[in-house]
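This note sets out points for discussion on the structure shown below. Please read each point alongside the model.

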Amino acid sequence: MRIIDAHVHLSDFKKEEIEDFIHEGYILVAVAEDYESSLRTLELRDLFPENIKACVGIHPWKIKEQANLEGEAEKVLDLVRDADCIGEVGLDKKFVPENTLQDQLRIFNQFVDAATKSGKPLNIHSAGAWGEVLDVLREKKAERVVLHWWTGPINLLKEIIQSGYYVTINASIKIQEKSRKIAEQLPLNLILTESDGPYNYRGLYLNPKLVPETLQILSQIKNVPVQDIKNKVWQNFLNLFNANKA
Ligand SMILES: [Zn+2]
């Protein structure tokens, strides 16, 4: 039973920090944002295959920076074969201009198709586009899904739960009331933990080392011993990657 960070931008950390996380024994689902970071993430996984699952993808925030978006997408889609999962992909209507939404949708659809075809899990960003992301997943019949740091409307949780999608609870739960509300509603068999590090959220330096405290907070919210929460998240991780049958 290990501690899971199910959404971390590992290639953005310093080498010494990464070595420290590995030394601590964390299991890291490392996401990427473009072709370069996808390559670096695969390299890190090859260095530490016991601890790292490598996702490849194009982050919705990177869409507008691409001079040759289709070419970039094609290169990343080629890497899916070597990857363990696909992400960070998704849609965003909160932090990036709405006029990129058509491009975002086209690219997101391509990656969801790649996921259903390969059977690999999706690690999804859905800020401000909560309903739109679920529309695509429903239409494509996506099955292995992680909705990362999901803080959308509570009324959409019903569909998420019915679909069996995992939701990551971010270490920000310490200070973010909405995360707490979501955690209260989610069944334990759909909860994963994450940091989304390295990222500064209202003064909190998000990184995998905050996950143990996140587990403590979940233990209080669910009124379940922390060991049981840890075990549940571990089982959920194994289920997501189909590793529990190995
Ligand atoms: Zn992220």
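1. The zinc ion is coordinated by His-7 (NE2), His-9 (NE2), Glu-88 (OE) and Asp-196 (OD), at 2.1 to 2.2 Å; donors are N, O and S atoms within 2.8 Å of the metal (3.2 Å for Na, K and Ca), and since water is not among the atoms, sites may look incomplete. In sequence, the donor residues follow the spacing H-x1-H-x78-E-x107-D. His-9 lies in the loop between β1 (4-8) and α1 (15-23) and Asp-196 in the loop between β8 (191-194) and β9 (199-201), so this pair ties together parts 187 residues apart in sequence.

2. The model is predicted: local features need pLDDT of at least 70 and side-chain atom pairs count only at pLDDT 80 or more, while totals for chains, interfaces and linings use all residues. Residues are numbered from 1 along each chain as its sequence is written, and side-chain values use heavy atoms, with hydrogens and water left out.

3. The site of the zinc ion is irregular, with angles of 84 to 170° among its 4 donor atoms. His-9 counts as buried at 8% relative accessibility, and Asp-196 is buried at 10% (buried means under 20% relative accessible area, exposed over 50%, partly exposed in between, with a 1.4 Å probe and protein chains only).

4. The structure holds 8 aromatic pairs (rings of Phe, Tyr and Trp, the last by its six-membered ring, with centres within 6.5 Å; planes under 30 degrees apart count as stacked, over 60 as edge-to-face and the rest as tilted). One of them, Trp-149 with Tyr-201, is edge-to-face, at 5.3 Å centre to centre and 65° between the planes. Trp-149 lies in the loop between β6 (145-147) and α6 (157-163) and Tyr-201 in strand β9, so the pair ties together parts 52 residues apart in sequence. Both Trp-149 and Tyr-201 are buried.

5. Trp-234 and Phe-237 form a stacked pair, 5.8 Å centre to centre with 20° between the planes. Both residues lie in helix α9 (residues 226-240), 3 residues apart, about one turn of the helix, and both are buried.

6. A search of the whole structure finds 15 salt bridges (a side-chain nitrogen of Lys or Arg within 4 Å of a carboxyl oxygen of Asp or Glu). Arg-45, Asp-46 and Asp-84 are linked in a network of them: Arg-45 meets Asp-46 at 2.9 Å, N to O, and Asp-84 at 3.1 Å. Arg-45 is buried, with a relative accessible area of 12%, whereas Asp-46 is exposed at 53%.

Terms used. Four donors count as tetrahedral if all angles lie between 85 and 135 degrees; four count as square planar and six as octahedral if opposite donors are over 155 degrees apart and all others between 65 and 115; anything else is irregular. Helices (H or I, at least four residues) and strands (E, at least two) are DSSP runs, numbered from the N terminus.
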